Amino acid sequence: MRATLLYACGASALLTPLRRAPSARLARPPTALRAVPVQSDWTTWALLGTTGALGLYAEENSKLGAALSSNVVTMVAALVLANLGALPTSSPVYGTVVKKLVPLAVAALLFDADLDRVRREGRRLLAPFVVAALGTIAGTVVAWRLVPLQRGIPALAARATMASALTARHIGGAVNYVSVAEYGGAAPELVAAGIAADNAVVAPYFVGLFAASGPAKGGNKGGAKRADPAISATDAAAAVAAALSIVALADAAAPAHLLLPLTTAVAVAFATALPSLGARLAPAGRIVGVVAMQLFVAAIGAAGRVRGLARSG
């Protein structure tokens, strides 16, 4: 729960490059795949859902998938489909995912973000977290001095944005990364390239940790935990209704670029004021939030192009 809170806090906006993409100008697929009917929005939704499910399956059922994470597997799969022409690199579907599903996911993932509980149970972890966050910032400053980015990212503002976004990712999670990248106006290719480069370094590190730690006791083949099978359709519907209500309340009080921060604040206030209700909604909320975030990651991957990633380093 604490990780979920840190994952969402500080998020400020949505992916403007995807939101700005004109709906009528979908990328033309390669010649070999032009006969495939890829322009249907439902086809795009189906492929995003498939790549999202593939990422979760890989994380739950393989050590490599667990080391890479469902997000990385999903993003890479969507990137491959986009470069094969099966997914368009711009689509109104991506705007819907970013503008509607991300706030829903944030609200659903924070049902158990009870600040009183965080204060009681997380007190011992606060000091290590602060030290780790300061170490991440210091590492970014050192890397900024040592790693030349001018060839792949000529603009100083873009380099600063990506450095800040990667710092935010390692302090608070992937939503922070994308939010900071969007706030700085980073292109979709840079956003995808940053995730790819980050995981190219982090994935081998985690693979080594898994190998050193040996097989997990009582776990599944991968590293992800399956959802509670006792969750009912009523639980899921209640979680969706509560998350939508939180987003609606935040939307009524905030301009578009502040929707995510205010959604986070309202969700945390709800969980703190009604901890028993939040705890009952949390298991189903995690399912709703994870599925929505998988669609979001797939949309990020689909917006990238291999040539653009290569140019960005």
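1. H8 contributes three residues to the nonpolar patch, the largest share. The model is predicted, so local features need pLDDT of at least 70 and side-chain atom pairs count only at pLDDT 80 or more, while totals for chains, interfaces and linings use all residues. Residues are numbered from 1 along each chain as its sequence is written, and side-chain values use heavy atoms, with hydrogens and water left out.

2. The patch consists of Val142, Trp144, Leu146, Val147, Leu149 and Leu156, with about 560 Å² of accessible area together. Patch residues have over 30% relative accessible area and no salt bridge; like charges are joined within 9 Å, and nonpolar side chains (Val, Leu, Ile, Met, Phe, Trp, Tyr) within 5 Å. Areas come from the Shrake-Rupley method with a 1.4 Å probe, and for residues only the protein chains shown count as cover.

3. Val147 sits in the loop between H8 and H9. Val147 counts as partly exposed because its relative accessibility is 45% (buried is under 20%, exposed over 50%, partly exposed in between; 1.4 Å probe, protein chains only). Helices are DSSP runs of H or I with at least four residues, strands are runs of E with at least two, and both are numbered from the N terminus.

4. The second largest pocket holds about 650 Å³ of space. Of its 23 lining residues, Ala143, Leu149, Met162, Ala163 and Leu166 lie nearest the centre. On a 1 Å grid over the protein atoms alone, a pocket is an open set of points where a 1.4 Å probe fits, with protein on both sides within 12 Å along at least five of seven lines; lining residues have an atom within 4 Å of a point.

5. Helices H8 (123-146), H9 (156-172) and H11 (188-213) each supply at least two residues of this pocket's lining. H11 gives the most, with seven residues.

6. The structure holds two salt bridges (a side-chain nitrogen of Lys or Arg within 4 Å of a carboxyl oxygen of Asp or Glu). One joins the side chains of Arg286 and Asp112 at 3.3 Å, N to O. The pair links distant parts of the chain, 174 residues apart: Arg286 is in helix H14 (residues 275-302), Asp112 in the loop between helix H6 (92-109) and helix H7 (115-121). Arg286 is partly exposed at 40%, whereas Asp112 is buried at 12%.

7. Arg119 and Asp116 form a salt bridge at 2.5 Å, N to O. Because they are three residues apart in helix H7, about one helical turn separates them.

How values were computed: Grid points are joined across faces, edges and corners, and a volume is the space filled by probe spheres set on the points.
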